[in-house]
Amino acid sequence: MKKVLLLKAVKPGEEGDLYVQALAKENYYEVSLCSPISFKFTNLQQLTASLQQPSQFSGIIFSSPRTVQAVEKCLPDLGQDVLQGWKPLTAYCVGQATANSVRDDLGLNPVGEQSGNAQNLVKIILQGTRAGSKPLLFPCGTLRRETIPDSLQKAGVDFKAHVVYETIPHPDLEASINQYFEKGMPEFIVFFSPSGVRFSKEFLTKYAMDKIQLIAIGPTTKTAMEQAGYRVAYTAEKPSPECLITALQTLEGT
């Protein structure tokens, strides 16, 4: 069986990772998951204050699963009437994992889950939002890219941003990588985020990375990998298990 190492953040309390489950069903890959990043949530009081006023917004943008988690942490301070106020509004989402969290954890109906990246999601947002509409609520992280806010500003679409989490290296990252490589080299390593690339690089350089096929999930991760000096063997078009399986099968020539 081919060994695949996923450098991917793990959601606290998650019963099973979608990517691990999908690859396991293929009966061809030995999959391991190592979380290179961790998160510290901030400014939740300010986010709660905005969430308590759904009538002041035309929708909400979720650019990562962490933004969903931030809103979820605010739920105990919101009444049922407030939650009902958000349900008719549009919940824009990047990617399948984010959309699943929006649907399962918040009870909202996600739009744009097939977008795959921020550039494609912006197109969907602009199709459903007019200049002069009520602002969109935009929870985000400290390392957000400016694709969404810059595009909305240029189109005259108002939004209210809240920085609600910080991305930090996982405290067990070095130990996890060393323990994994003690058991042998993987055929593939999959990077899921620019932060994961940066935080893991110093711990991976002692291994023969040129003998491993490296896969990027999305174009921004690909750029970060190239800047780190990695040769990217394949870039998955969207952050979904299906696109990763396609990448692996393509590299395998099947």
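## Around helix H1

Helices here are DSSP runs of H or I with at least four residues, strands are runs of E with at least two, and both are numbered from the N terminus. This is a predicted model, with local features needing pLDDT of at least 70 and side-chain atom pairs counting only at pLDDT 80 or more, while totals for chains, interfaces and linings use all residues. Residues are numbered from 1 along each chain as its sequence is written, and side-chain values use heavy atoms, with hydrogens and water left out.

At the other end, the start of H1, a side-chain oxygen of aspartate 17 comes to within 2.9 Å of the backbone nitrogen of tyrosine 19. H1 covers residues 18-25, and its buried residues are Tyr19, Ala22 and Leu23 (buried means under 20% relative accessible area, exposed over 50%, partly exposed in between, with a 1.4 Å probe and protein chains only). Those buried residues line one face of the helix, because they fall within an arc of 95° seen down the axis of H1 (the arc is taken from the directions from the helix axis to the C-beta atoms). They pack against S1, strand S2 (29-34) and helix H11 (241-252), where contact means heavy atoms within 4.5 Å.

The largest nonpolar core has 25 residues, and Phe181, Ile189, Phe191 and Tyr230 touch the most other members. A core here is a set of buried Ala, Val, Leu, Ile, Met, Phe, Trp, Tyr and Cys residues joined through side-chain atoms within 4.5 Å. Among the elements giving it two or more residues are strand S1 (2-7), helix H8 (173-182) and strand S9 (188-191). A second, separate core holds 21 residues, including Trp86, Leu106, Leu108 and Val164.

Zooming in on phenylalanine 191, and skipping residues up to four places away in sequence, its contacts include Leu7, Val197, Leu214, Met225 and Tyr230.

## Rings and a charge

Phe39, Phe41 and Tyr165 make up one aromatic cluster. Elsewhere, the charged end of lysine 8 sits over the ring of phenylalanine 192, 5.9 Å from its centre (the test is NZ of Lys or CZ of Arg within 6 Å of the ring centre and within 35 degrees of the ring normal).

## Out on a loop

Alanine 131 sits in the loop between helix H6 (118-128) and strand S7 (136-141). Alanine 131 counts as exposed because its relative accessibility is 55%. Leaving aside neighbours within four places in sequence, alanine 131 is in contact with Ala155 and Gly156.

Methods. Rings of Phe, Tyr and Trp (its six-membered ring) pair if their centres lie within 6.5 Å; planes under 30 degrees apart count as stacked, over 60 as edge-to-face and the rest as tilted. A polar contact is a pair of N or O atoms within 3.5 Å; within protein, one must be able to donate a hydrogen and the other to accept it, and residues adjacent in sequence count only if both atoms are side-chain atoms.
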